[in-house]
Amino acid sequence: MGQARSSDEVTVIVSVFAMLPTAAPTASHRFAALLHVVHVAAALLSSVRHAALFVTSVLAVYLLQPATPIAHLDFWLPSASLLLVVVVWCATQPLRLEAMRETLVTAGLIAGLVLGIGALGITTQLCCVVTRMPPPNILVVAAAVAGGVLTCILVAIVFAGHPARTTWLVFALIALLVAVKLNWPISGADAPQAETASPAPPTFATIQWLGFSYIAFRLIHALRERALGKLPVMSLREFMTYVVFFPAIIAGPIDRVERFLKDLRAPFIFNMSDLVEGGRRLLIGVFKKFVIADALAIIALNDALAVQTQPGLWAWVLLYAYAFRIFFDFSGYTDMAIGLGRLFGIKLPENFNRPYLKPNLTQFWNSWHMTLAQWFRTYYFNPLTRALRMRNIAPPLIIFVTQTTTMLLIGLWHGLTWNFALWGVWHALGLFMHSRWSEFARARFGAQDASKLQWVTHLGGVVLTFHFVAFGWVWFALSNVETSLTFFRRLFGMP
Amino acid sequence: MNANINFYIRASLKALALFIAFNVVLVFVDPMPVIARLSVYNLLVPGRERLPHARQPSREYGVTTSNLDVMFNTHVIHGRVKTADEYRVVVLGDSAAWGWKLRPAETMVGAMNAQNLITPDGRKVRVYNLGYPIASAMRDLLLLDYAMRYRPDMIIWMVTFETLNDKTRFDHPLVRDNGTQVRSLNERYSLEADPALWELGYRDRTLFGLRRKIMADAFRLQLYGLPWAATGIDHDYFSPYDRVSRDLKEGDLFYDIPPKTLNEDEMTWDVVAAMHQLAGERPLLIVNEPILIADGKNSDVRYNNVYPRWIFDQYRALMLSKSAQEGWNYLDLWDLIPPDQFTDNEFHMTPNANRILARSIEAWMIEQWAKPEAAMKSP
């Protein structure tokens, strides 16, 4: 399990004692001893790394949760995230008596943290240190924790030895994901500002559940791997750290659990190269997100600008600004996540690989939000393709159906709106057209690609793909079809 | 890897040294005049019709900054070289002149420009809006001092009692944030100095202090130039607002001041005199801007919720006598606009009211041009 002190650490500790000077210490002795002390400190640090990652990640679920218009939801949503993780762990992991003590300690720690955060509501000074709004009554929190414990015991009993039953949980998570993405009416009475003389009129909003999209995908990944018998055995603490790993909770990437565990279980040797590389990625991410993306946000396409802008040149400027803004924003977050992960010895997977320089849409989707695309490929696209092939359906139709539904789902994962659906369909059509064109070109031109004009076709492909993607962003950036069509008209000089 | 680590350590140390050196330079050298010159306005995007001011930058495509170089470099006046056939008029004043809740074309300046006036010697009258929210005489002197480099031929100064009330002399962000310039004006025109007037301290001149915000605002204002160019929007004139009430509050206090005699020393006459000195031979027209004269509850003791009658009547009397005594060009248009033409407060007016106001001022200008002693000189 990698929990025992590693042999490297022992070596380091022993060598410190060996280094203790017997005679008067020389300068080099003192320096070497100092270095060893630093190493020992680092080694000790590594032994608490996992615990630190676990506690920080659990706290981050609460700390990063934005305020919600419904009272106490900023406490209940993070708590629900933790409960879901524990429930899925109970449903997917075998009962191991030898690990019972550690499990109880971890479960106790989670319950203690939840109760502790809830208890902060008793004080007026500390009530909002972790959550944005005061937590609910501590007795209600205690009752909820007790209910959570009972639920977990029940799940462990029901799912023990029945991996196929995990499918129920997959459907439950999908249903929950759909519910979260729906627009819910929020009445004035629910809003915290309801103390005003007249209640605010009801408004509609999605539930701002921090990181739930990513949490749900990691949980579904674990459930599917369990159903396929490929999920490794792991402790509750490891699983919790994987699912709510704080650098990756906001914007991914979506790591695979067995890969994550490999890094988590590896002895953490404090080393300069991780520090430098992690720091470098972190700085690049900060620059991309907070300098480039946030500056571009000022001039990037949004609902207001789409209808206010004059037709023609400026509309293109807004569109290009949005295209680069979303790239730098998202890849900046990813860089920060990868950099932070690296600082803690976790090598998160890459999510972007110069997507706007790809000569076709297929390559674009192999280099944009790669871990999400990979997730859909593994758990939706490939199984569906296999299923359709077995039914003797014409390959082009299979491609059309699988690509369209996959891209539609990716679109709807961002939000259940017509525009996200259209964005998905837009890319599906692009991917389908590209696959047909590739097929046609291969049959027609064969391997004549190495012509002198190859770079021209490559460049043309890059420009064409970029613009196809950029037009797609119109659906993605704007909230409704009418505004999007208005903006398309503006792009082409029409009022 | 060692080579890499050494590279990063050396690069970090060099970056740190450069950062420290840059901050030290900032303590002694103000980079803003140079930075402000690097403006996209009047180059890549059109200049703004009025000085930048935005409470909600993301809706109004602008940023409120106190740096005069940055403010003026975004303005259309900065990008327009004065030609021999232009008669250049600048308008100073508060938010009513700036055009609160109005598009640039709907302001008094917009209405004047729409008239395409021609002077008797054939020059085209082009009016520039240099109004800025919140009334302050010292602020207007500061703006005029800067605007003189654009060689105006005439200055129109929209005032109200709040403008000339000595209490508002230093009570304006532009005055507070431009201590060096205000101090210089105080010295040049022997004005009353504020001992509390401050200048940027050592820390504030570095990136750890106010200078970072000033530079960031300048940069943001450049970026907002693009949505401004794309939309022509520089202010939130599209959100609904509550109309100003014509039923007035109880009592006759002016803020917390009960009725009393308004003394001459409560007015910033020294600033008015400095404005005239600064204007030199150019005509300076002082306009007592229209206010809401409410007709509802308590309107027998108050004109509106800002001015009780006792103070505004005394102010008008003082202005009339002082301008006659000093020979100032003074136009008292306080009651020109009917109450239904005011928008969200006692000074902000509808486009129609601004047109009426513009016609009155134009009439005064034409009348002056017709006088035989009015020589049309261009400075």
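The domain assignment divides chain A into domain 1, spanning 56-265, and domain 2, spanning 275-491. The model is a predicted one, and the centres of domain 1 and domain 2 of chain A, taken over C-alpha atoms, lie 30 Å apart. Between them, the two domains of chain A bury about 2,100 Å², and carbon and sulfur atoms account for 73% of that area.

**Extent of the interface**

- On the side of domain 1 of chain A, 26 residues are in contact with domain 2 of chain A, which contributes 25 residues in return.
- Of the area that domain 1 of chain A buries against domain 2 of chain A, 28% is supplied by Lys181(A), Phe217(A) and Pro253(A), which is more than any other three residues provide.

**Polar and charged pairing**

- Seven residue pairs in polar contact, with both residues at pLDDT 80 or more, are found across the interface of domain 1 and domain 2 of chain A.
- The count of salt bridges between domain 1 of chain A and domain 2 of chain A, by contrast, is zero.

**Make-up of the domain 1 side**

- Helix H6 (166-181), helix H7 (212-227) and helix H9 (257-265) of chain A are the elements that each give two or more residues to the side of domain 1 that touches domain 2.
- H7(A) supplies the largest share of that side of domain 1 of chain A, with seven residues.
- Sorted by class, the side of domain 1 of chain A that touches domain 2 of chain A holds 16 nonpolar, three polar and seven charged residues.

Methods
Residues numbered from 1 in each chain as written. Chains lettered and ligands numbered in written order. Predicted model: local features only at pLDDT ≥ 70, side-chain atom pairs only at ≥ 80, totals over all residues. Heavy atoms only, no water. Domains from an automatic or database assignment. Contact = heavy atoms within 4.5 Å. Buried area = accessible area lost by both parts, 1.4 Å probe. Salt bridge = Lys/Arg side-chain N within 4 Å of Asp/Glu carboxyl O. Polar contact = N/O pair within 3.5 Å; in protein donor to acceptor, adjacent residues only side chain to side chain. Helix = DSSP H or I, 4+ residues; strand = E, 2+ residues; numbered from the N terminus. Nonpolar A, V, L, I, M, F, W, Y, C, P; charged D, E, K, R; others polar.
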